[in-house]
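These are my notebook entries from working through a structure one topic at a time. I wrote down each term with its cut-offs where I needed it.

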Amino acid sequence: MFWQQALNGVVIGCVYTLVALGYTMVYGILGIINFAQGEIYMYGAYGAVITLGLTGNLTLSVLVGISLSCVVGVLLERVAFKPLRGLNPLISLISAIGASIFLSSSARFIFGPDERPFPIHFASHMYNFLGVDISDMQLIIIGASLLLITLLYVIVNHTKNGRAMKAVAMDAEAAMLMGIDVDKTYMFTFLIGSALSGVAGILMAIYYNTTYPTMGTLPGLKAFSAAVLGGVGSIPGAVVGGLTLGVAENLGAAYISSGFKDAFAFLALVLVLVIRPSGIMGSKR
Amino acid sequence: MLVVSNLHTYYGRIHALKGISLHMKPMEVVALIGGNGAGKSTVLKSISGIVRSASGSITLNGDDITHVSPEKIVMSGVSHVPEGRRIFPRLTVEDNLLLGAFTRKDYSEIKKDMARMQELFPVLAKRRKQYAGNLSGGEQQMLAIARGLMSRPMLLLLDEPTMGLAPVVAKDIYRQIRYLNKERGLGILIVEQNARVALGLADRGYIIETGRIVLEGNASELRQSNEIKRAYLGKDYREVWE
Ligand SMILES: Nc1ncnc2c1ncn2[C@@H]1O[C@H](COP(=O)(O)OP(=O)(O)O)[C@@H](O)[C@H]1O
Ligand SMILES: [Mg+2]
């Protein structure tokens with residue numbers, strides 16, 4: 001039972017991680033909290049579900065879903081954040097909350113308030129490893145997350161764009177003097193963060209077999225907590241935070257009370273922050 | 001090569017530059033001297049495009065670069081080494097140098113330039129895998145200059161390159177700057193609070209006070225000027241940089 005619940009926690013933790021990476025990168029590079037990350041996730045899910053309903057082509061649907069998330073994310077940066085650059089970060093925060101509400105209401109308007117199941121059914125095979133059951137969808141979630149985290153690691157640490165991102169994060173004005181286009185770097189950051197959230201949304205739409213306008217709210221909040229838990233701005237922190245949160249909430253639900261499942265995530269957050277205010281991997285500033 | 005004419009720059013309501021005009025010939029070393037808050041850094045920032053000027057013009061080899069983006073200005077051969085060094089502390093020395101070459105695509109030449117920079121500043125070779133933030137002040141300044149050179153500029157804008165450094169280290173930096181000008185033919189616009197040091201190095205100088213050029217001339221003339229001796233050289237004025 002313990003290992004089974006831990007595994008389920010890891011699966012959900014992978015999804016939190018993907019969304020948390022968006023939070024943490026945007027914070028690390030632009031210094032703002034993009035509270036609409038969960039809505040970007042929801043749009044990814046809708047993009048995929050609707051395209052799949054129309055075409056029946058899964059690969060295409062996934063690509064459309066990710067692209068929709070990217071478009072929403074980049075537009076958000078242009079409309080809700082760019083005009084506020086250089087002002088008090090609190091103003092950006094309010095703008096982000098507004099954008100988040102706008103995006104989920106517009107989703108209700110465009111897609112309707114009802115839940116939509118995922119259009120194709122995944123025949124679920126169960127595999128058994130050392131007494132722990134794991135479904136093929138769970139394997140896909142873990143595998144896709146590992147792949148994306150590795151990809152992100154390579155982009156950030158071993159490409160010219162990644163080096164530019166770090167430079168902008170450390171000192172945007174000095175980065176400009178190097179000839180780095182800071183606007184483009186911000187856009188690229190939003191693009192990557194949105195793509196990761198989009199994938200997460202699509203994976204969860206399949207996993208829970210449902211898509212609805214507010215589906216991003218709770219995962220968005222938890223991913224934000226995961227990012228803070230790990231140390232916001234830190235990429236390894238988002239991974240550690242996401243997994244910790246996923247496992248903590250599943251074990252809490254299994255051993256203490258399933259009714260308080262969502263509360264355990266935030267309890268874990270509060271506990272860690274009391275002990276280590278900068279988060280698990282956060283730098284002490 | 002560089003012509004700045006009647007430049008006005010504001011920070012919100014602060015009128016930082018009130019009609020600055022200056023010019024530089026190729027391969028010239030020009031000093032911009034003035035006290036704290038005079039507007040020296042703002043002149044450099046206006047040239048490199050990170051601060052937008054309200055009116056006036058800046059031309060480089062005849063091309064108007066007044067409202068051109070910083071990256072285009074880097075590509076046209078101007079490199080700005082900012083006040084306070086501004087190296088990227090949590091990146092390695094090597095990554096800092098690579099960022100200096102961000103606008104270039106000739107990767108094999110970039111590699112060679114990295115090696116040249118490490119020859120020019122041997123301390124950087126020893127520390128190339130270390131975080132730039134762990135270097136000493138003098139080493140950071142050398143890195144900042146080397147990083148600035150990585151874009152292969154013809155004009156280097158140097159903002160108080162020896163601020164806060166021990167005199168021996170400062171002397172070493174000035175030796176390098178002179179070498180870059182004499183042997184590499186680099187034009188240098190250097191900002192200094194210390195007129196004695198700057199005029200020892202420069203061909204010509206401009207004195208700036210509260211956003212205006214109040215005096216200009218050959219370095220030797222300026223050194224003779226009583227006004228400067230009183231205001232910037234101090235009573236114990238000696239010629240040390242020869
Ligand atoms: N970012 C800024 N915002 C507002 N005022 C500034 C800013 N930077 C410089 N100033 C003001 O502009 C004037 C010129 O500053 P600066 O060019 O940095 O002087 P210097 O380099 O000669 O010490 C000063 O009065 C300074 O207070
Ligand atoms: Mg200054």
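Predicted model: local features only at pLDDT ≥ 70, side-chain atom pairs only at ≥ 80, totals over all residues.

**Entry 1: where the two chains meet.** I began with polar contacts and found five residue pairs in polar contact between chain B and chain A, both residues of a pair being at pLDDT 80 or more. I noted that a polar contact is a pair of N or O atoms within 3.5 Å, that within protein one must be able to donate a hydrogen and the other to accept it, and that residues adjacent in sequence count only if both atoms are side-chain atoms. On the side of chain B that touches chain A, the elements giving two or more residues are helix 1, helix 2 (70-75) and helix 3 of chain B. Helix 3 of chain B gives the largest share of that side, four residues.

Entry 2: Residues are numbered from 1 along each chain as its sequence is written, chains are lettered from A and ligands numbered from 1 in the order in which they are written, and side-chain values use heavy atoms, with hydrogens and water left out.

**Entry 3: the area of the interface.** I looked up contacts (heavy atoms within 4.5 Å) and found that 22 residues of chain B are in contact with 16 residues of chain A. The area buried between the two chains is about 1900 Å², and carbon and sulfur atoms give 67% of this. Buried area here is the accessible area (1.4 Å probe) that two parts lose on being put together, summed over both. R86(B), F88(B) and F102(B) supply 32% of the area that chain B buries against chain A, which is more than any other three residues.

**Entry 4: salt bridges.** I took a salt bridge to be a side-chain nitrogen of Lys or Arg within 4 Å of a carboxyl oxygen of Asp or Glu. The structure holds 22 of these over all chains, and three are found across the interface of chain B and chain A.

- R163(A) pairs with D95(B), the closest N and O atoms being 3.3 Å apart, and the pair crosses from helix 6 (residues 160-170) of chain A to helix 3 of chain B. Both R163(A) and D95(B) are buried, where buried means under 20% relative accessible area, exposed over 50%, and partly exposed in between (1.4 Å probe, protein chains only).
- D183(A) forms a salt bridge with K82(A) at 3.5 Å between the closest N and O atoms. The two are 101 residues apart, with D183(A) in helix 8 (residues 182-207) of chain A and K82(A) in the loop between helix 3 (58-81) and helix 4 (89-111) of chain A. D183(A) is partly exposed at 26%, and K82(A) is partly exposed at 30%.
- D172(B) and R175(B) form a salt bridge with closest N and O atoms 2.5 Å apart. Because they are three residues apart in helix 7 (residues 167-184) of chain B, about one helical turn separates them.
- A network of salt bridges links R104(B), D106(B), E109(B), K112(B), D113(B), R116(B) and R152(B).

Entry 5: S41(B) is buried at 16% relative accessibility, whereas E83(B) is partly exposed at 32%.

**Entry 6: positive phi.** Most residues other than glycine have a negative phi. L130(A), which is not a glycine, has a positive phi of about 50 degrees; L130(A) is in the loop between strand 1 (126-129) and strand 2 (132-135) of chain A and is exposed at 88%. R85(B) has a positive phi near 70 degrees, lies in the loop between strand 6 and helix 3 of chain B, and is buried at 14%.
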